[in-house]
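Hello,

Here is the structure I promised to pass on. Please open it alongside this note; my findings follow below.

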Amino acid sequence: MKKIVIFTMLVGLLSSCCSMKNTGDRDTIVITGKIITLGMTTFQYGTHMIDAENKTYALKSIKIKLDDYIDKSVTLKGKKVAGYPLEGGPELIEVSEISSK
């Protein structure tokens with residue numbers, strides 16, 4: 001009986017370790033463009049926008065003060081926020097890194 005309990009615990013431990021996946025950079029998006037202030041919009045999320053390759057993205061960031069990059073060409077890294085876009089709005093990106101050109 002003791003061997004069965006130990007075996008069951010070992011299988012549970014190994015299966016939980018295997019199910020933990022490192023997503024790495026798969027979810028990271030890199031965008032180059034010009035940051036603008038988010039004015040009046042039909043959607044209600046994000047604080048800034050960026051136009052890149054004929055696509056618009058809404059931006060937000062906890063780490064970076066995006067106001068410092070208004071009207072500047074930048075390259076930024078971030079992750080798409082789950083659950084967006086809403087009602088025809090743009091995708092929402094949580095910005096984690098930014099560099100000016």
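Strands E2 (residues 48–52) and E3 (residues 55–60) run antiparallel, joined by five bridges. Bear in mind that this is a predicted model.

Start with the hairpin. E2 and E3 form it with two residues between them. Glu53 sits in the turn, with a positive phi of about 50 degrees. Across the strands, Ile50 has Tyr57 in E3 as its bridge partner.

E3 also pairs with strand E5 (residues 91–100). That pairing is parallel and has four bridges.

Next, look at Ser61. It lies in the loop between E3 and strand E4 (73–80). A polar atom of the Ser61 side chain is 2.9 Å from the backbone nitrogen of Ile64. A polar atom of that side chain is also 2.9 Å from the backbone oxygen of Val95. Beyond its neighbours within four places in sequence, Ser61 contacts Leu66, Glu94 and Val95.

The largest nonpolar core has 15 residues. Ile31, Ile35, Ile50, Leu59, Leu76 and Ile98 touch the most other members. Strand E1 (28–37), E2, E3, E4 and E5 each supply at least two residues of this core. A second, separate core has six residues, including Phe43, Tyr45, Met49 and Ala58.

Leu59 deserves a click. Setting aside neighbours within four places in sequence, its contacts include Ile35, Met49, Ile50, Leu66, Leu76 and Val95.

Best wishes

Note on methods
Residues numbered from 1 in each chain as written. Predicted model: local features only at pLDDT ≥ 70, side-chain atom pairs only at ≥ 80, totals over all residues. Heavy atoms only, no water. Pairing = 2+ DSSP bridges. Polar contact = N/O pair within 3.5 Å; in protein donor to acceptor, adjacent residues only side chain to side chain. Contact = heavy atoms within 4.5 Å. Core = buried A, V, L, I, M, F, W, Y, C linked by side-chain atoms within 4.5 Å. Buried < 20%, exposed > 50% of the residue type's maximum accessible area, 1.4 Å probe, protein only.
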